[in-house]
Amino acid sequence: MDGAGGAAGTGGAAGTGGAAGGDTGGAGGGASSCDTKLGKALQFDGSKIDILSANLGADLPGGNTNRTIELWAKFTGENSWIAEGSILETGKHVSAGNQVLGLDMSGRADATHGRFGPYTNGFSDNNGAQGVVYEAPADVGWLHLAWSFDTNTGLSFTINGVQMPVQMGGTKLTLGLTPGIVTLGASQNFGSKGWYGVMDEVKIWSVSKTPAEVLANLRVIPKADTPGLVAYYRFNEGSGTEVADEAKKPSHKLGPCMAKSDICPDVNDAAPVWVDSDVPGTFSCAP
């Protein structure tokens, strides 16, 4: 990926955690360790096709199964709020509208409010005037977003750990999620129109996370083998065109779309840019 943009920098060591530098913080009395200093993040340009995608296979189950997607997302201006600019999506619309779970925008409500559109592309597509309204200037900066589906309790969307109202939230739903597929920076179903902004600390779970659990772990770095954690991307490579998850599974590696395929809605004409991560607050290691 491009190392341009001043804040980016390609001199860091390759591999997750290498570019972050600094001391590592031991967890559980030295039983394991993690790097609590954030290294790099990825900046996406919605005017270009700069998608990253992967097929996690059976590690990310499909069908009517629990799922949570969460990340830190930086909103840098008006473009970050363009409607249907998808930040993160799992699954693909193959034959029905309930086969994906993703996070996108629904435009601006007014000068000081933006609208989120967490969706399952058929059950909770909160676009237009029905989007989740959040008080924020255009360049609000970093927000933690989490979107969860539970087979018993339904849908849950949080911003900085605070639960927001969503269409059909808490209603019994039956989804048919497509297994495996993860797409960053655009949607599989909405074509190549993508998101403007920066993302970091992406976590894909095969379990549903309650708002309380999300809030308690906003700035906690989980172990790679945490039960239910399918993939965890920290973006600390700082150079190159691929992103590894913390478990270093080859099949989990995110990469650019070089051709249309099951995991690529379009061919990339650009790559996201490596930038320094400046997510606010102090991170800690999970025990």
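Which residues does Gln188 touch, not counting residues up to four places away in sequence? They are Glu89, Gly91, Lys92, Ile181, Thr183, Asp262, Ile263, Cys264 and Pro265, where contact means heavy atoms within 4.5 Å. The model is predicted: local features need pLDDT of at least 70, side-chain atom pairs count only at pLDDT 80 or more, and totals for chains, interfaces and linings use all residues. Residues are numbered from 1 along each chain as its sequence is written, and side-chain values use heavy atoms, with hydrogens and water left out.

**Figure 1. Overview of the chain.** Of the 287 residues in the chain, 52% are buried. Buried means under 20% relative accessible area, exposed means over 50%, and partly exposed is in between (1.4 Å probe, protein chains only). Among contacts in the chain with a separation of 6 or more, 69% come from residues 24 or more positions apart.

**Figure 2. Surroundings of Gln188.** Gln188 is in the loop between strand S14 (181-184) and strand S15 (197-205). Gln188 has a relative accessible area of 8% and is buried. The side chain of Gln188 reaches the backbone oxygen of Ile263 at 2.7 Å. This is a polar contact, defined as a pair of N or O atoms within 3.5 Å; within protein, one must be able to donate a hydrogen and the other to accept it, and residues adjacent in sequence count only if both atoms are side-chain atoms. Gln188 and Ile51 lie 137 residues apart in sequence, with a C-alpha to C-alpha distance of 9.8 Å.

**Figure 3. An open sheet of five strands.** The strand order is S7-S6-S14-S4-S18, with antiparallel pairing. Two strands pair if DSSP finds at least two bridges between them. At the edges are strand S7 (100-103) and strand S18 (255-256), each of which pairs on one side only. Strand S4 (residues 52-55) and S14 run antiparallel and are joined by four bridges. Ala54 has Val182 in S14 as its bridge partner.

**Figure 4. Strand S12 and its two partners.** Strand S12 (residues 154-159) is largely enclosed by the rest of the structure, because six of its six residues are buried. Six bridges join S12 to strand S11 (residues 141-150) in the antiparallel sense. Ser148 has Ser156 in S12 as its bridge partner, and the hairpin of S11 and S12 has three residues between them. S12 also pairs with strand S13 (residues 162-164), antiparallel and over three bridges. Ile159 stands opposite Val162 in S13. Two residues lie between the strands of the S12 and S13 hairpin, where Asn160 takes a positive phi near 55°.

**Figure 5. His144 in strand S11.** His144 lies in strand S11 and is buried, with a relative accessible area of 2%. The side chains of His144 and Glu70 are joined by a polar contact of 2.8 Å. Not counting residues up to four places away in sequence, His144 touches residues including Leu71, Trp72, Thr158, Val214 and Leu218.

Figure 6. Rings of Phe, Tyr and Trp (its six-membered ring) pair if their centres lie within 6.5 Å; planes under 30 degrees apart count as stacked, over 60 as edge-to-face and the rest as tilted. The count by this rule is eight aromatic pairs. The ring centres of Trp81 and Phe116 are 5.3 Å apart and the planes are at 70°, so this pair is edge-to-face. Trp81 is in the loop between strand S5 (67-75) and strand S6 (88-91), and Phe116 is in strand S9 (residues 113-116), so the pair ties together parts 35 residues apart in sequence. Both Trp81 and Phe116 are buried. One aromatic cluster is formed by Phe75, Trp81, Phe116, Tyr134, Trp147, Phe157 and Trp195.

**Figure 7. Arg108 and its backbone contacts.** Arg108 belongs to strand S8 (residues 105-110). Its side chain reaches the backbone oxygen of Ala111 at 2.6 Å, and a polar atom of the Arg108 side chain lies 3.3 Å from the backbone oxygen of Ala136. Leaving aside neighbours within four places in sequence, Arg108 is in contact with residues including Glu78, Trp81 and His113.
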